[in-house]
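I opened this notebook to record what I looked up in one structure. The entries follow the order of my reading.

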Amino acid sequence: MNSETYKRCSIMVRIVCFALPLVVLFGVYVFGVTGATTNAAEPSVEAIRRVIVDVDAGPDDAWALFHLLSSPGVRVEAIVCVKGNTNVTNVGRNVLRVLTTLAKEKEIPVYLGSNERLITPEPASASNGGYFGSDGFSDIDFSDLPDPDMTLLRTSTFNDLNNLIAQYPQQITFIQLGPSTNLALLFKVFPETRHRIREVFIMGGNRHGVGNTEKAAEFNFYSDPEAAHIVINNFAGNITILPWETASRENLVTNQTWRFEVLGNSSHPLLQMLNPVEKKPLGDEDNWMPCDLLVAMAFTHPELVTETKRYRADVELYGWLTRGQLVLDHMNQGLGNVTIVDNMDSEKILQMLMESTNPA
């Protein structure tokens, strides 16, 4: 080997010796510090879908909470209680029963919201719910279960919600499962939240004028029409509504035999608690209609939604026979910020329910 070749080899060896540690350090950084080797099942920070859930805590709300809390990538930042199926204190108690059953009562803040509609007095048919008893959980005796810790309920509701939304601008979806009173108050007290919430999902209203409380009104909208009006007219982002007619479609209601003898046969503690709550109010010919659960599933799994239409929308406030009715601008279908969910994949919904209540 001549002297020139020797010099070149010596230089290359030095370069390799200098560069190799840098390559190793870079690999440690990429695959260690940045988390490239973390479990793929764990969602990244960017993949987290944050939600605030507003409930009036009947059993259908309980199903929705269970689904959201069981969904990877969904983080329930807060649960807010509103008067609907029962008074707001009972709603809070029912929420804590669900969270305690799931061993999550100390993980998620639960807030007591409004205990009355925006404009009083209330109509008699919207005063106390009734279908699920006076307590919203069919007045079932829960003496064999531990009492929920009512001191966990928080009352600094709207300040805390405003701060939470400001902390995560355009990251939080508001899922409205009861009357819209709390969200309307939040928009009025803190108008900036109207632009900071990412999107709103609502169970309520009726797209064909078919009511379940009055002839032409659905319970949630009829319980506080002004609140629904404020939400729909003051939120410019995407609003997804699953109305009463969709929840009551033949393919989306389930017979009692499947609900209690198939799904209800699970040993899951939530099922054991909800079985008597849901069975008691059902008549012989009634079907099981988990309305709020459908909204939660439409949020977590949009592929379950098989049919939608988009409209401008409003809520009737003055009609003698139609107060509280959701009114859609059918003449300009396709425009506006309100998406109506018209149908969902019922087979996949039932399959997901079985999988979530019978984990491997």
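**Entry 1: the model.** I noted at the outset that this is a predicted model.

**Entry 2: the sheet.** I asked in what order the strands of the open sheet are arranged. I read the order of its nine strands as β4-β3-β2-β1-β5-β6-β7-β11-β8, and the pairing is mixed. I then looked at the edges, where β4 (153–154) and β8 (305–311) stand. Each has a single partner strand, so one side of each is left without a neighbour in the sheet. For β8 I looked up the pairing with β11 (residues 338–344): the two strands run antiparallel and are joined by six bridges. Within this pair, K309 has I340 in β11 as its bridge partner.

**Entry 3: strand β5.** I next asked which strands pair with β5, and in what sense. Strand β1 (residues 49–55) pairs with β5 in the parallel sense, over five bridges. Strand β6 (residues 199–203) also pairs with β5 in the parallel sense, over four bridges. I found I175 of β5 in both pairings: V53 stands opposite I175, and F201 is the bridge partner of I175 in β6.

**Entry 4: helix α2.** I checked the length of α2 against expectation. At 1.5 Å a residue, its 12 residues should span 16 Å, and the end C-alpha atoms are 16 Å apart, which agrees. I also looked up burial: 11 of the 12 residues of α2 are buried, so the helix is largely enclosed by the rest of the structure. Among the buried residues are D60, D61, A62 and L65.

**Entry 5: the largest pocket.** I asked what volume the largest pocket has. The volume is about 560 Å³. I counted 27 residues in its lining, with D60, Y131, F132, N212 and W244 nearest the centre. Helices α2 (59–70), α7 (219–223) and α12 (291–300) each supply at least two residues of this lining. By class, the lining holds 12 nonpolar, eight polar and seven charged residues.

**Entry 6: the cavities.** I asked how many cavities of 30 Å³ or more are present. The count is two. The largest cavity holds about 80 Å³ of space. Its lining has 11 residues, of which K83, R117, E122, P179 and S223 are the closest to the centre. I noted the classes of this lining as three nonpolar, three polar and five charged.

The second largest cavity holds about 30 Å³. Its lining consists of A57, G58, D61, A62, L65, N94, V95, V98 and F137. Here α2 and α3 (88–101) are the elements that give two or more residues. By class I recorded six nonpolar, two polar and one charged.

Methods: Residues are numbered from 1 along each chain as its sequence is written. This is a predicted model: local features need pLDDT of at least 70, side-chain atom pairs count only at pLDDT 80 or more; totals for chains, interfaces and linings use all residues. Side-chain values use heavy atoms; hydrogens and water are left out. Two strands pair if DSSP finds at least two bridges between them. On a 1 Å grid over the protein atoms alone, a cavity is a set of points where a 1.4 Å probe fits but cannot get out, and a pocket is an open set with protein on both sides within 12 Å along at least five of seven lines; lining residues have an atom within 4 Å of a point. Grid points are joined across faces, edges and corners, and a volume is the space filled by probe spheres set on the points. Ala, Val, Leu, Ile, Met, Phe, Trp, Tyr, Cys and Pro count as nonpolar, Asp, Glu, Lys and Arg as charged, and the others, Gly among them, as polar. The expected span of a helix is 1.5 Å times one less than its number of residues. Buried means under 20% relative accessible area, exposed over 50%, partly exposed in between (1.4 Å probe, protein chains only).
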